[in-house]
Amino acid sequence: MRLVVDLNKCQGYAQCAFLAPDVFAMHGEESLVYNPHAPEEQRERLARAVAACPVQAITADGLDGAGEQGTGSAQEARDAR
Amino acid sequence: MPADHVDWLRREGRIVIVGASLAGLRAAETLRAEGFAGELTLIGDEPYEPYDRPPLSKSVLLGKASPHRTELPHRREIDAKWRLGVAATGLDLSAKRVKLADGDEVEYDRLLIATGVRARPWLKADEARLDGVCLLRTRDDAADLYQRLKAGPRRVFVIGAGFAGSEVASACREMGVPVTVAERAGAPLVGALGGVIGAVAADLQTENGVDLRPHVTVTSLEGDPVGRVRAVHLSDESVVEVDVVVVSLGSVRNTDWLTGSGLGAGPRGIACDAGCRAFDFRGIVTDDVFVAGDVARSPHALFGYQFLSLEHWGNAVAQAETAAHNMICHGADRRPHLWMPAFWSSMFGVNIKSVGVPPMGDQLMITQGSLAERRFVGVYGYQGRVIAAVSFDNTRWLEFYARQIERGAPFPVEFPTMDRRPEGRQPVAADFPDPSLPTHGPTVTLTGYSPADQQLVFHPARH
């Protein structure tokens, strides 16, 4: 599952780091580091983190079972070359 | 142009996006979200589908993310034809064709240019080719640099203390790798945030064990007999022995491929109107060519209609969305791109964020916290109004200051705050270097007319 955090929006509430500590971590007082490629077994935790972010800064695909989308376009990209 | 041209375009037109990164992807998604049903082609010179770059100098170098897995999530299915791993090499405006490096040509009805920037390489090509001399812009760059840092080099040398260079230095220290940073100006981040904040950044670096060398330039890189870099020679005649050199001298806009196309493109980017429509070299707005992201420069009403060229993640997203919207709607429904500039960085455990355009400011007030604690908000003033703000570990205030900038709030700021320290009562000079002198790594470039861009010979009318 791919994800990206809009760090302009992020205000360091750390809800994500609390709900999905294997994906998100605070680095210092306020800065967030995250793994943009979350493993499949983190699906549920990631979904909770996305929902809990007070500023809705996290975008992830593949959370609602539509996870083949990203992989699909990767395949397409290879085919089109 | 017939009134139904836009309806036709939305139904069965061909839209080509050159540049398959953040801006290109978000534009493609917006086109589909707003009902574009025609043919969509994305062209990218890298063989990878759109990936995110900010993690490359942070999470990736800290070993918390793989450089190969930062692909951007898709917001929706875009049903596009991807031409990846092939660069655009030319543009024929009258035939409406993009030329590709493999000899192919792609026709368009509307074109979006989002080719972004690339890292500025070390100026001496033979030295730049030495093994161990690195850049950090692409995911291949990040993978290479991460491997080299992990191998435990004797010392890393970073040329240029802008945001990228400082983030690399931070990652080195966190990995326990000795690092030297050379900066032409007096402190890190000076070009982006001025000398007062730069001094804080300098303390941050030296206290974390960075060997910081301000006021020097690198004169040459020395290789060993098998072509590996082994030493860096500086303008103060000192020599530093190293295994890795990271060239962090800012970026170059990817406009070379537009040479001779007739578009208003040059080293400072591609000029466009506030609706993202590109200008041609005569300053006339084009109808079918749009621009978004780092490569664009567009006028902004809040900042004196300066043509701003913003290398900001959020700008790439917002400008792509506006450009895509404007590409497929009737004139009266078009929107201007008037995004509040904002960026972030993170180094040595400190979260640095900014809103507005700090380099336009001439004065600075610390309104929250204190410089000594490295937890503060600094507000920049320009001609009696608030023009920008920067925070070190104080991000929640920035939204407030963004609103202040939008409404042209007076400077010096007048409102009392909870924790105003004595240092904040009076504005001080923000201490930006002379803009005519180069500094490394500003993320905002104020791009007025450059004599270097000259493409016309001016003949005054005879009366």
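Predicted model: local features only at pLDDT ≥ 70, side-chain atom pairs only at ≥ 80, totals over all residues.
**Entry 1: chain A**

I began with the fold of chain A. I counted three helices and four strands. Along the sequence they run β-α-β-β-α-β-α. I then looked up burial. Of the 81 residues in chain A, 47% are buried. I also checked how far contacts reach along the sequence. Taking contacts in chain A between residues at least 6 apart, I found that 58% join residues at least 24 apart.

**Entry 2: V5(A)**

Next I picked one residue of chain A. V5(A) sits in strand β1 of chain A. Is V5(A) buried or exposed? Its relative accessible area is 2%, so I log V5(A) as buried. I listed what V5(A) touches, leaving out residues up to four places away in sequence. Within chain A, the list holds C10(A), F24(A), L32(A), Y34(A), A57(A) and I58(A). W313(B), from chain B, is on the list too. I also took a C-alpha to C-alpha distance: V5(A) and Q56(A) lie 9.0 Å apart in space and 51 residues apart in sequence.

**Entry 3: the interface of A and B**

I found 33 residues of chain A in contact with 42 residues of chain B. The area buried between the two chains is about 3100 Å². Carbon and sulfur atoms give 50% of that buried area.

How many salt bridges are there between chain A and chain B? I count two. In one of them, E49(B) pairs with R2(A), and the closest N and O atoms are 2.8 Å apart.

β1 (3-5), β3 (31-34), β4 (58-60) and α3 (68-80) of chain A each give at least two residues. The largest share comes from α3(A), with seven residues. By class, the side of chain A that touches chain B has 13 nonpolar, 12 polar and eight charged residues.

I widened the search to the whole structure. Over all chains there are 35 salt bridges. I kept one general point in mind: side chains of opposite charge can pair when their charged atoms come close.

I looked up R53(B) with E46(B). The two form a salt bridge, with 3.6 Å between the closest N and O atoms. Both R53(B) and E46(B) are buried.

I moved on to R139(B) and E71(B). Their side chains meet in a salt bridge, 3.6 Å from N to O. R139(B) lies in helix α4 (residues 139-150), while E71(B) is in the loop between β2 (39-44) and β3 (81-84) of chain B, so the pair ties together parts 68 residues apart in sequence. I log both R139(B) and E71(B) as buried.

R148(B) and D144(B) came next. Their salt bridge has its closest N and O atoms 3.2 Å apart. Both residues lie in helix α4 of chain B, four residues apart, about one turn of the helix. R148(B), at 22% relative accessibility, counts as partly exposed. D144(B) is also partly exposed, at 32%.

I also found a network of salt bridges. It links R14(B), R97(B), E105(B), E107(B) and D109(B).

I looked up E29(B) first. E29(B) lies in helix α2 (residues 22-33) of chain B. Its relative accessibility is 2%, so E29(B) counts as buried. Not counting residues up to four places away in sequence, E29(B) touches P73(B), H74(B), R75(B), R76(B) and I78(B).

Then I turned to H337(B). Where is H337(B) found? I placed H337(B) in the loop between α7 (313-327) and β24 (342-347) of chain B. At 5% relative accessibility, H337(B) counts as buried. The side chain of H337(B) makes a polar contact with the side chain of N315(B), at 2.7 Å. Setting aside neighbours within four places in sequence, I found H337(B) in contact with several residues, including A274(B), C276(B), S298(B) and N315(B). A318(B), Q319(B) and T322(B) are in contact with H337(B) as well.

Definitions and conventions: Residues numbered from 1 in each chain as written. Chains lettered and ligands numbered in written order. Heavy atoms only, no water. Contact = heavy atoms within 4.5 Å. Buried area = accessible area lost by both parts, 1.4 Å probe. Salt bridge = Lys/Arg side-chain N within 4 Å of Asp/Glu carboxyl O. Nonpolar A, V, L, I, M, F, W, Y, C, P; charged D, E, K, R; others polar. Buried < 20%, exposed > 50% of the residue type's maximum accessible area, 1.4 Å probe, protein only. Polar contact = N/O pair within 3.5 Å; in protein donor to acceptor, adjacent residues only side chain to side chain.
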